[in-house]
Every structure is written in C-alpha cells, then in structure tokens.
Protein chains: 2
Amino acid sequence: MVRNKSLIYKKYTPYEPVIGEHLAVEDRPFDPEAPPPAGGLTIKNSHLSFDPYMRGQMRAPGDNGTYSVPWVIDEPAQVTTLSTVLKSDNPAFKPGDLVSAMASASEYSIVGPEFAHWCRVFPPLPPQLRPETLVGGLGIAGLSAYISFNEFVKEPKGKVMFVSAASGGVGQIVGQLGKIHGMKVIGSTGSQEKVDFVVNELGYDGAWNYKEEKTDDALKRLAPEGLDVYYDNVGGEQLDTALHHLNNYGTIVSSGMVSQYNLPWGEMYGIRNLGQMFLKRLSMHGFICSDERHVKYLETFGKDIVTWMMEGKIKTKEEVLVGLDLAPQALLRVWKGEKFGKMVLKVDEN
Amino acid sequence: MVRNKSLIYKKYTPYEPVIGEHLAVEDRPFDPEAPPPAGGLTIKNSHLSFDPYMRGQMRAPGDNGTYSVPWVIDEPAQVTTLSTVLKSDNPAFKPGDLVSAMASASEYSIVGPEFAHWCRVFPPLPPQLRPETLVGGLGIAGLSAYISFNEFVKEPKGKVMFVSAASGGVGQIVGQLGKIHGMKVIGSTGSQEKVDFVVNELGYDGAWNYKEEKTDDALKRLAPEGLDVYYDNVGGEQLDTALHHLNNYGTIVSSGMVSQYNLPWGEMYGIRNLGQMFLKRLSMHGFICSDERHVKYLETFGKDIVTWMMEGKIKTKEEVLVGLDLAPQALLRVWKGEKFGKMVLKVDEN
C-alpha cells in the first residue's frame, strides 16, 4: 500500500464551503499492485482540473437535478485528470499511455469500466506546449469553448461579443476564438491585472474589472453599438444587464453561472430583463461539453487548438497549485473567482 | 365632421393604468370627406384587437427600449384593426376593401403611407366563420402562434408542451397547433371555466387554474414525464418553475410576459432557475410576429388556419366588447388576465 492523498467531500452546504468541514484532504491508502477492475484501469494522476461546474457535483444527497456525477459524502471528489496508465484491463489503453480521465481527485485512481470510455489517450505534445495545457486549453475548458463557439456563434465576422470571466479557463479560449473569427471581443474580469492580461496577451478589444465598474457603464463605454453575443460564464447581474445591451437577434451562450453557485436558491440574483428575449428576438442556448450531441467536434478540436497555439493565436494561462493538500483551496479559488487563469492542481513537483 | 371616439393615451405609469388618468376615451372629430394622405388610406374600423404586447407601447416618453411603435401622450393609441377602406390614394387598396391595418383605436382612422404596407386585404371569409376571427385566430394572435410554433417547436410529434395563458389569443391557437401535430398539450389559465374550455373545447390534455394550484404541483400531476416545450405567455413564477420541469434539450418559446407588464422593474419577479439552461441544455427563443424574418409564413398561414377551422381542428373564442367607450376596460381586462379568450372590441353593433 502507498499513500494516496485525496480530496474528500465531507458535507453539503449551499453556501461557500468551509475547508475541514465540507471539503478535506485525507489519505486513502492504495495498492498499486492490485489488478485493475475488469475492463478498467489503474492510473497515476499528474494534474487535476478544477472547474466551476464541479460546484454542482457537491450537492445534497438525493438531489438529482443536474447532469454531473454527484460526489458521494466521505468519498473522493470526481474530477478530470491528466494521468499515466499503470495497469490496464481494457484493450483501448496500455501502461504508459498519457490519458485524460474522469477519476478521483487523488494521487492514484481506479477507473472502472463505466468510466473507461470517457478516457482520451493523448498523442505526444509538441515540446513548446506545457502539460498543464492538456487540462486547460486542450482539456474540458478548451473543449467547452470550442464546442459552444462553433455551435452557437453564427457568422461571427464583424460581430461584437461580450465574455464574462474573460480570463478564466473557458473565457480565455472563447475570447481568442472570437478574435480568430474576426469579432470585436470585450470582457469582464475581477482585477486590473486580469484586465491587462486579456487585452495585452489575449487580444481582447477591451475589458473591465467588474468589481470597480458597473456592467452597464462598461458596456456603454466599450460597446456603444450594442452586443451581438453574450457568452455567459457568471449569470446574475452581468447577465441581467447584458440582456439590455444585446442587439436585435442577439445570442446568449449560457455556459455557467459561477456568481450564483455558492448561494441557496432564495439568495440568488433574480433575472428581471427576460422580456428582452422577445422584444429583441434573442436566443439563449445552454450546453455542456460532455453532451453526446457534440462528439463531432472532437474530430477537429485538438488539431485546431494546437495549430492556433503553435501560431501564437491562442495563448493560455493556468494557475498551478502543487500538491493534493491544496486541493480544497484550489476549488474555493475557482468558485470565488480568485484564481488567475485556468485552475490546475499539479499532484507533485515532478 | 363626424364624431370619432378614440382611445387616448393620457399619461405613463409602470403600474396598472387607471381609467381617466392614464387611458381615456375622447372624441376627436373627423372629416370622412377629406382626401387621404398621399399613398395612404381613410378607413372605418369595425373591430379593434387588444393584445398584451400593447402594454409596451404605453411607455414613458423617450423610452426606446422596445420594438413596438410607442403611443404618444394625448394621441390615440395605435392598434391592429379590422376596417373597411373608405378612400384610397394607394394602388394596393380600393374603397370597400376589408383590411387589417395598424391604425388609431378610433371609429375612423387615417393610415399614412408609412403604415399602408402593413395593411392586409382579406378575401371574403367563409360564412361559417365569425368576423371577429379576423382579429383573433386569423389576426396577429393566430399569426404569432403559427409563426412561433413552426419556427421553434421542432419534431413536435409525441412531445409534451405546456402553454401558459392557455385560453388567451395566442395560447388557444398554439395549444391546438400542438394537438394537430401530435403533441401532449397542457396549460395554465385563470379560472375553472377557462380550464373546462381548453380541455373540453380545445382538446388540451390537461389544464389548471394557476390561482388555485401551484405550477409545480400541477406540472408534477399533469406531466410527470417532464416538459419538452414551454410556450411562455406570462413570464414570472410560471417560467421559473417550468425551467425546473423541462427535460434535457427542452425549448422555451418566449412569446410574452403579461404577469410582469404592470410592474416597475424593481417589483418584477426575479428568475432564479436559469442555471437549468446549461444543466439541461435548453434553448430559449424570443420572437415577435411582425418580424421581417417571418414574412414567409404569411404564404401558408391564412390557408392553413382557415382549413383547420373548417375541419373543426381549430376553434377560437373571443371576448367581444361593444363600443369605443369600453376600450380602456378592454385593455385592462387583457393586462389583468380577466378576459376569456381573445379580446376584441367591436366598434358598434352593426
């Protein structure tokens, strides 16, 4: 048996989780020599992806309201990993393969046959690209951005797009996809440092710190011609205000609502401007990247993103924390919007 | 000069209008012998259509937030009419034509050249059909239902649709279109009499009185399998609850929000369940029937609806008030949901 530090889901709360009470790190000793389950894998994880949607996995027992696999009380959280296959009982994988898996937020994981089909084997990465990219721009954040942009942003050239959480895992890719396709792109983010990053590094046409400037003022200043697309990662007040700034036939892509995840229903922001939907003939589209309807995008996703990365058209930024001990802090930084870039937990220094 | 009673917009309020203060009936004497304006018409109105969207025309001076032509303080309200052409300076119309027009809510109206292209000339109506039908099922309420159903309800057969304001001008047609296309259709309405009407006359599979039964309870009772389409005429709590009852890939057609029209922004119902948009991959579509994108539907609309009416597959119900003096009451009955069926004001007894 070896040490196997794991992020454990201890207790539900509708509010901001407290480390030690709702989320904790515990050792769940592991036998790497044991055979994997029939059809499954034994893997060693090098990176864990922590994303806003995981707040929906940390739910009350019995709440079946959402698509994601619920976390189980007193068991390790389920996350997306970058991992090396140690043992395989599945012909699609062999020891040494570099894979992305849906697995426990641990140093080692068992992947049962029911999750093996979610694993993707990565080809060798061009040496210029950081391995963190595989759980960011080339992971589910990048895939979410790629799918939703291609699916819902029609005839982008010359249109105006507002991206909230502009420097986040999804936002940073969506904004750059907009620029690649000839859009004017503006974004909201949570600090001056992030504003400078999205404008100077990612090529956004404008950005603001939503903690310092009202959404309404910023949109009047940066998009007086109105919005054609609002790419929503945050919900709440920014969504309500964007509804007023969208032009006729505008589109809202509903990717997430991180501003509302740590609130019980009764304390959430109530959206009052949905009358704009018919007044301006708007459409709103929700999506999740793991939807079977979007499998077709996997054919071109990796190749497109890697090409654009190599051409300097897509840059990525990750906030990398090291060691399982920091897993609860990493998650809280995601849900509170404190991280800068895509949150990645590197399991150890090697 | 002849008497020309008219519905006059006197003063703005975000709340329920008060008759005499915000809306009034005044005589605006009229010369039926004067020539019409260049390119325009002189018409005598027999029926006026009063619809929920008109609340958006009764807006504060300077508010350009919506598409509809604003009413002008101390001038007649603009409505959709059923009228006879008295004089024409436009080659598309001749005296005696039966037309639908955008014109003043008066006994007589002048149609300027800028509105003449909105006029439609009706062929003779089959004798079985009431003339009121021309401002209801065959007017903009029916057109709204027909366009939006065809545009947004994809592959309807076997799906479940919830229609709010089920007995209203739009709702009554949408529900029957659903039945014609093989859907299970349920609806909310505001009295037991209306519940009986939509089930027994229109063929709804179930209905409830939203004043007596919670939306959540009714949807659990009548559609335990969940909703595929929510056709929203009311907004507010019914929309918020429907979001929770929609199935994956469900569709919301956003036609109107009559429950919120007589409220200032701060007192509107705040929608908190939009997280369901991405959790269940929903789409929401706003539309207005006068959108140039929908002109193609005019080719088949009249023929389809008349055919279905003659076959007994579409029945309509209008609440007919007689005389311009009742115009303010008619409008309030629309906005308060008190009317039963499509509201039509018949200008006189003839």
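What rotation superposes chain A on chain B? In this predicted model, local features need pLDDT of at least 70, side-chain atom pairs count only at pLDDT 80 or more, and totals for chains, interfaces and linings use all residues. Residues are numbered from 1 along each chain as its sequence is written, chains are lettered from A and ligands numbered from 1 in the order in which they are written, and side-chain values use heavy atoms, with hydrogens and water left out.

Chain A is superposed on chain B by a rotation of 180°, with 0.0 Å of shift along the axis and an RMSD of 0.0 Å. The superposition is by least squares on the C-alpha atoms of residues with pLDDT of at least 70 in both copies. The two copies are therefore related as by a two-fold rotation axis. The C-alpha of G270(A) is the one in chain A nearest the axis, at 1.7 Å from it. Both copies use the same surface, since 100% of the contact residues of chain A recur in chain B; contact here means heavy atoms within 4.5 Å.

An open sheet of 12 strands contains strands of both chains, in the order β11(A)-β10(A)-β9(A)-β12(A)-β13(A)-β14(A)-β14(B)-β13(B)-β12(B)-β9(B)-β10(B)-β11(B), with mixed pairing. Strands (E, at least two residues) and helices (H or I, at least four) are DSSP runs, numbered from the N terminus, and two strands pair if DSSP finds at least two bridges between them. Strands of a sheet pair through backbone hydrogen bonds, either parallel or antiparallel. From one strand to the next, the twist averages 15°. Within chain B, strand β9 (residues 160-163) and strand β12 (residues 227-232) run parallel and are joined by 3 bridges. F162(B) has Y230(B) as its bridge partner in β12(B).

A further open sheet, in chain A, has 3 strands in the order β2-β1-β4, with antiparallel pairing. Its edge strands, each pairing on one side only, are β2 (23-27) and β4 (75-76) of chain A. Strand β1 (residues 5-9) of chain A runs antiparallel to β2(A), and 5 bridges join them. L7(A) is paired with V25(A) as its bridge partner in β2(A). Helix α9 (residues 327-335) of chain A packs on this sheet and touches β1 and β2 of chain A, its direction making about 155° with that of β2(A). Such angles run from 0 to 180 degrees between N-to-C directions, and the axes are lines fitted to C-alpha atoms, for helices over the stretch in contact.

In chain A, helix α2 (residues 140-152) and helix α3 (residues 169-180) pack at an angle of about 40°, with their axes 8 Å apart. This angle makes α2(A) oblique to α3(A); angles under 35 degrees count as roughly parallel, over 145 as roughly antiparallel, 65 to 115 as roughly perpendicular and the rest as oblique. The crossing of α2(A) past α3(A) is right-handed, a crossing being right-handed if the near helix is turned clockwise from the far one by less than a right angle, and left-handed if anticlockwise. Residues in this contact include A145(A), Y146(A) and F149(A) of α2(A), and I173(A), V174(A) and L177(A) of α3(A). By class, the residues of the contact of α2(A) with α3(A) are 8 nonpolar, 4 polar and no charged. Ala, Val, Leu, Ile, Met, Phe, Trp, Tyr, Cys and Pro count as nonpolar, Asp, Glu, Lys and Arg as charged, and the others, Gly among them, as polar.

In chain B, the axes of helix α5 (residues 215-222) and helix α6 (residues 236-245) come within 9 Å and cross at roughly 40°. The helices α5(B) and α6(B) are therefore oblique to each other, and α5(B) passes α6(B) in a right-handed crossing. T215(B), D216(B), L219(B) and K220(B) of α5(B) meet E237(B), Q238(B), T241(B), A242(B) and H245(B) of α6(B). The residues of this contact of α5(B) with α6(B) comprise 2 nonpolar, 4 polar and 3 charged.
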